[in-house]
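Subject: Structure handover

Hello,

Here is the structure I promised to pass on. Please open it and keep it beside this email while you read.

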Amino acid sequence: MTANTPMTFDLKNVLNQYQGQAQALHEKYVNTVFAHVLDMIGFAHEYTEGKGCYLTTRDGRTIFDGLSGYGVFGMGRNHPTVIQAIEQALALDLPNLVQMDTFLLSGLLAERLIRIAPGNRLQHVFFTNSGTEAAEGAIKFARAATGRPRILFSQGAFHGLTTGALALNGDASFREGFGDLLPGTEAVDWTQLEALEYELKKKNVAAVVLEPIRGKGVYYPPDDRVYPTLQRLCRENGTLFIVDEIQSGLGRTGRWWACQHWDLEPDILLCAKALSGGLVPIGAILYSDAVYRGVFSRLDRCVVHSSTFGQNALAMVAGLAALHVLEEENLVERSARQGDRLLAGLRELQKRHELLHEIRGKGLMVGVEFGPPKSLRLKPAWTLLHTAQNGLFAQAVVMRLYQTHHILTQVAGHHQEVVKFLPPFIITDEEVDRLVSALDEVLQECSRFPGPVWSVGKQLAGAAVRQHLFGRESS
Ligand SMILES: Cc1ncc(COP(=O)(O)O)c(C=O)c1O
């Protein structure tokens with residue numbers, strides 16, 4: 001112990017002693033470029049508290065959280081029931097990570113997950129520590145269960161950033177610089193069903209991996225027949241049908257699982273994010289008995305895939321408590337209801353704002369897409385931003401929402417003119433209306449040129465031309 005180290009660890013003291021230093025610490029020790037980007041877009045605020053739908057900054061602002069930690073806080077931040085469950089778990093000195101045992105709480109959480117799983121194929125659960133790790137496991141499971149090498153994924157997909165999941169990434173900018181990834185992984189366009197059928201008939205495709213609603217840009221096919229046809233083609237050709245519900249699952253889209261909007265019955269389902277109420281890292285692979293038997297096929301393969309922290313007690317407790325809260329508070333229904341209100345409000349705006357081209361989404365996973373204006377007055381400004389980089393207008397809107405309305409949102413993906421709303425399901429009618437009227441005001445500003453949105457855009461364009469920094473959000 002050094003001379004300055006206090007005898008006891010007191011978190012409140014640490015927070016008090018170092019308040020105001022987050023930005024400097026991150027610049028120095030964590031990610032300098034990211035810290036600079038946050039500064040540039042006016043997001044460099046130190047947060048001191050998170051509760052429900054709100055965050056508080058050190059300088060006393062209250063920010064509405066329209067991002068929910070990339071979708072983990074469906075039930076709001078720091079839900080008291082989940083906190084209480086974690087506190088109880090700590091007080092009980094649980095037999096955590098015995099490893100050579102069958103842990104009651106992971107058994108229970110697995111049972112609860114299978115009870116709410118879509119369709120009737122999913123019968124086993126493998127726990128992970130994150131979403132990307134669930135995607136990694138699914139790739140292995142699909143290959144082991146089918147003995148086939150190829151995995152098809154969607155153009156524009158996001159399944160995580162570890163190397164296997166990254167091989168299923170539909171956005172080249174995420175892969176740039178990391179060398180060759182997993183062989184046998186190919187991006188396809190789900191709407192080109194004939195081409196897909198041709199590939200599947202080769203009978204060498206282990207799995208098709210699908211985000212029912214793509215997180216990057218909030219996309220899904222306008223034709224509701226595409227996904228069921230894709231699933232049928234998989235079944236006919238012995239290909240496993242994997243749905244990634246890491247972002248869209250557990251109520252986010254107004255159903256327990258987004259794939260239920262199309263009555264899909266996956267062989268493997270991935271979930272993570274909202275499963276622990278956002279308090280403990282967690283992920284899970286739900287999979288069929290046939291897949292299970294293909295992986296854990298012999299006594300000597302009983303732990304052929306495993307993870308030290310996968311079934312850790314705090315994650316399991318938080319998972320059980322979070323599922324309890326989602327059910328008790330009817331949050332899935334609430335997400336559907338508030339999502340309808342948000343979509344309706346945004347569609348009203350579309351009638352008045354020429355830059356608002358499309359509103360997409362289900363439940364509280366909503367994308368607002370901007371496009372070129374018709375009026376000659378705004379065209380030059382729009383063109384200027386787009387010559388610098390696609391996506392800067394959406395970034396300027398995100399910045400204005402934050403600066404003037406204290407609403408946190410994000411651009412929905414690299415080089416996309418889409419702002420994404422992922423608010424907690426506990427959002428009230430008034431808060432939904434506030435989101436809509438804030439966007440209305442920002443878009444009214446846009447009808448003036450010059451005006452604040454365009455000057456923010458111009459600053460961004462300058463920075464983008466100097467250095468390609470924008471659209472770098474990862475999840
Ligand atoms: C659809 C989807 N899959 C996988 C992941 C990766 O999850 P994680 O960030 O927990 O690794 C994400 C994260 O945003 C996601 O949205």
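This is a predicted model: local features need pLDDT of at least 70, side-chain atom pairs count only at pLDDT 80 or more; totals for chains, interfaces and linings use all residues.

**The seven-stranded sheet**

Start with the open sheet of seven strands. Its order is S4-S10-S9-S8-S7-S5-S6, and its pairing is mixed. Strands S4 and S6 (185–188) stand at the edges. Each of them has a single partner strand, so one side of each lacks a neighbour in the sheet. Ignoring direction, neighbouring strands here are turned by 20° against each other on average.

In general, strands of a sheet pair through backbone hydrogen bonds, and the pairing is either parallel or antiparallel. This sheet shows you both kinds. S4 and S10 (residues 283–288) run antiparallel, joined by six bridges. Look for His-124, which stands opposite Tyr-287 in S10. S8 (residues 240–244) and S9 (residues 268–271) run parallel, joined by three bridges. There, Ile-242 stands opposite Ile-268 in S9.

A residue counts as buried if 20 or more other C-beta atoms lie within 10 Å of its own.

Now find helix H7 (residues 131–146). H7 lies across S4, S5 (150–154), S7 (205–210), S8, S9 and S10. It runs at about 20° to S10.

Next comes an open sheet of four strands. Its order is S1-S2-S3-S13, again with mixed pairing. Strands S1 (47–51) and S13 (407–408) are at the edges. Each has a single partner strand, so one side of each has no neighbour in the sheet. S2 (residues 54–57) and S3 (residues 62–65) run antiparallel and share three bridges. The bridge partner of Leu-55 is Ile-63 in S3.

Then look at S11 (residues 356–362) and S12 (residues 365–370). These strands run antiparallel, with six bridges between them. Glu-358 stands opposite Glu-369 in S12. The two strands form a hairpin with two residues between them. Gly-363 sits in the turn, with a positive phi of about 55°.

**Two helix pairs**

Two packed helices are described by the angle between their axes and the distance between the axes.

Take H16 (residues 392–405) and H18 (residues 452–466). Their axes come within 9 Å and cross at roughly 125°. An angle over 145° would count as roughly antiparallel, and 65 to 115° as roughly perpendicular. H16 and H18 are therefore oblique to each other. The crossing is right-handed. On the H16 side, the contact includes Leu-392, Phe-393 and Met-399. On the H18 side, it includes Pro-452, Val-456 and Leu-460. By class, the contact has 11 nonpolar residues, two polar and one charged.

The second pair is H5 (residues 80–91) and H13 (residues 313–328). Their axes also come within 9 Å, and they cross at roughly 150°. H5 passes H13 in a right-handed crossing. Among the H5 residues in this contact are Val-82, Ala-85 and Ile-86. Among those of H13 are Leu-314, Val-317 and His-324. Here the classes are 11 nonpolar, two polar and no charged residues.

Which residue lies 7.9 Å from Leu-161 in space, C-alpha to C-alpha? That residue is Phe-174, 13 residues away in sequence. Leu-161 itself belongs to the loop between S5 and H8 (163–166). It has 17 C-beta neighbours inside 10 Å, so it counts as partly exposed.

Ser-306 is in the loop between H12 (289–295) and H13. With 12 C-beta neighbours inside 10 Å, Ser-306 counts as exposed. Its C-alpha atom is 8.6 Å from that of Phe-127. Along the chain, Ser-306 and Phe-127 are 179 residues apart.

Last, go to H1 (residues 11–18). Just after H1, Gly-20 takes a positive phi of about 90°.

Best wishes

Notes. Residues are numbered from 1 along each chain as its sequence is written. Axes are lines fitted to C-alpha atoms, for helices over the stretch in contact, and angles run from 0 to 180 degrees between N-to-C directions. Angles under 35 degrees count as roughly parallel, over 145 as roughly antiparallel, 65 to 115 as roughly perpendicular and the rest as oblique. A crossing is left-handed if the near helix is turned anticlockwise from the far one by less than a right angle, and right-handed if clockwise. Two residues are in contact if their C-beta atoms, placed from the backbone, lie within 7 Å. Ala, Val, Leu, Ile, Met, Phe, Trp, Tyr, Cys and Pro count as nonpolar, Asp, Glu, Lys and Arg as charged, and the others, Gly among them, as polar. Two strands pair if DSSP finds at least two bridges between them.
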